[in-house]
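Hi,

Here is the model I promised to pass on.

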Amino acid sequence: MSVTMNFEEHNRRTAALWEKFQAGQAPRVPVIAGVSSRYVILDRNSNPKGITFEEYHNDPAAMLELQLELERFRRFEFDDDSQKGVPENGWTVSVDLQNVYEAAWYGAQVCFPKDNVPDTVPFLTEEQKYDFVQQPLPDPFSGIMGHARDCVEYFRRKQAEGFRYMGAPISHIEACPLWTDGPFTVACNLRGPMEFCIDMAAEPEYAGQLLDYITDATILRVKAWRRYLNLPEKLPGWGFADDLIPLLSVDMVREMLLPRYKRLLKNLCAEGTTTGIHLCGDATRFMPMLRDELNAAWFDTGFPVDFAAFSKEIGPNVVWQGGPHVSLLLEGTPAAIEAEVKRILSETMPNTRRFVLRDGNDVAPHTPMENVEAMVHAGRKYGVFPV
């Protein structure tokens, strides 16, 4: 389906809503839907050619085609509080190697399960794990990062040739090597989650060496890619993820990860600016510490989330996102989704004007768009603050 609206008027209202939100004065809770490339790749209507994740990963032309379809889908297929219609200044496209690019850069094998996202295979055994941390840091453009650079160069050639989609050019190119999924999560990808958690408890000296290796390599890579893309070496604000830290205690994150997070930010973030952190799972227990220690000003949450307790604990000055469980959006009814949105907003709105309602976290492939619309409409209905 496609939404029918006055795009110019919608975009004007949306821009005004976000401007007021940033000032802490939004008249209602903003609502967005997190639709990513996996939705369009696994949806036959959006991907009639049946381009697979492996083709998307390996072929820059297929990546560009589906990136633009994703942008069209976001801007034309459903109504939320984001910009709609053909972008006035042109399309943003991104080198999107999913969550495999870091582990693959260190040497992990990429695999492509049928009808699912790519993954990597842990490879650091007991016999080789110490040798790994003694080797030189990988070149920022080696291995899969060389492929990422080839994708950027392909996008740049299309720009130079005057390529247009729906009448608009490519105006901005982003690339996954600028980001990180976090030192602990990458360490788990290399060693295996169980194995590295045992390392953290039984061999903390080695665990620290691997975390330092990953942290230093990340800094080296991001700086090199920023230079390549003509970006400043330090940016005013930066975000990162570390989705697997719910496997750990707060004390262990404080001891083992917080110093590495601080080193990342010291090297990659302009002094005095804020950062944002994406954490999935039951991660809210870490967020007050990360807010205080890292000057973190926004968080993504996944599930489960105690909305009432967390909205009080995190305070009124931190931006955070959350919402209905992805399985409810995938399998539930519009009425059930509306009831859940009403509950969530009733628990958060008394405590903050910095909450953004969204799927919690990332709309699953094959989710009916009427369910996404139910979340958006309920958010707008129940998310109005009293005057």
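Let me start with a helix pair: α13 (307-314) makes a right-handed crossing with α15, a helix that covers residues 334-348. The residues in contact are F307, A308 and S311 on the α13 side and R343, I344, E347 and T348 on the α15 side, where contact means heavy atoms within 4.5 Å. The two axes come within 8 Å and cross at roughly 30°, and α13 and α15 are therefore roughly parallel. For the wording: under 35 degrees is roughly parallel, over 145 roughly antiparallel, 65 to 115 roughly perpendicular, and the rest oblique. Axes are lines fitted to C-alpha atoms, for helices over the stretch in contact, with angles from 0 to 180 degrees between N-to-C directions.

Some housekeeping. This is a predicted model, so local features need pLDDT of at least 70 and side-chain atom pairs count only at pLDDT 80 or more, while totals for chains, interfaces and linings use all residues. Residues are numbered from 1 along each chain as its sequence is written, and side-chain values use heavy atoms, with hydrogens and water left out. Helices (H or I, at least four residues) and strands (E, at least two) are DSSP runs numbered from the N terminus.

With 22% relative accessibility, N351 counts as partly exposed; the scale is buried under 20% relative accessible area, exposed over 50% and partly exposed in between (1.4 Å probe, protein chains only).

P60, A61, M63 and L64 of α4 meet C151, Y154, F155 and K158 of α7.

On to the aromatics. I have 23 aromatic pairs in the structure. One of them is W225 with Y228, edge-to-face at 5.2 Å centre to centre and 85° between the planes. A pair means rings of Phe, Tyr and Trp (its six-membered ring) with centres within 6.5 Å; planes under 30 degrees apart are stacked, over 60 edge-to-face and the rest tilted. W225 and Y228 sit three residues apart in helix α10 (residues 204-228), which separates them by about one helical turn. Both W225 and Y228 are buried. Y228 also has R156 over its face, 4.8 Å from the ring centre, and K129 does likewise for Y206 at 4.7 Å. The test for that is NZ of Lys or CZ of Arg within 6 Å of the ring centre and within 35 degrees of the ring normal. Ring pairs also link W105, Y106, F123, F132 and Y213 into a cluster.

Most residues other than glycine have a negative phi, and most peptide bonds are trans. Against that, the G360 to N361 peptide bond is cis, with omega near 15°, and N361 lies in the loop between β10 (355-357) and α16 (369-382). D362, in the loop between β10 and α16, has a positive phi of about 95° and is buried, with a relative accessible area of 15%. D115 has a positive phi of about 55°; D115 lies in the loop between β2 (109-111) and β3 (119-121) and is exposed at 58% relative accessibility.

As for α12 itself (residues 287-294), its buried residues are M287, P288, M289, L290 and L294. Their cover includes β6 (238-241), α11 (250-268), β7 (275-278), β8 (296-300) and α13.

Finally, L264 in α11 is buried, with a relative accessible area of 2%. Leaving aside neighbours within four places in sequence, L264 contacts P183, T215, T218, I219, W238 and C269.

Cheers

Terms used
Left-handed = near helix turned anticlockwise from the far one by under 90°.
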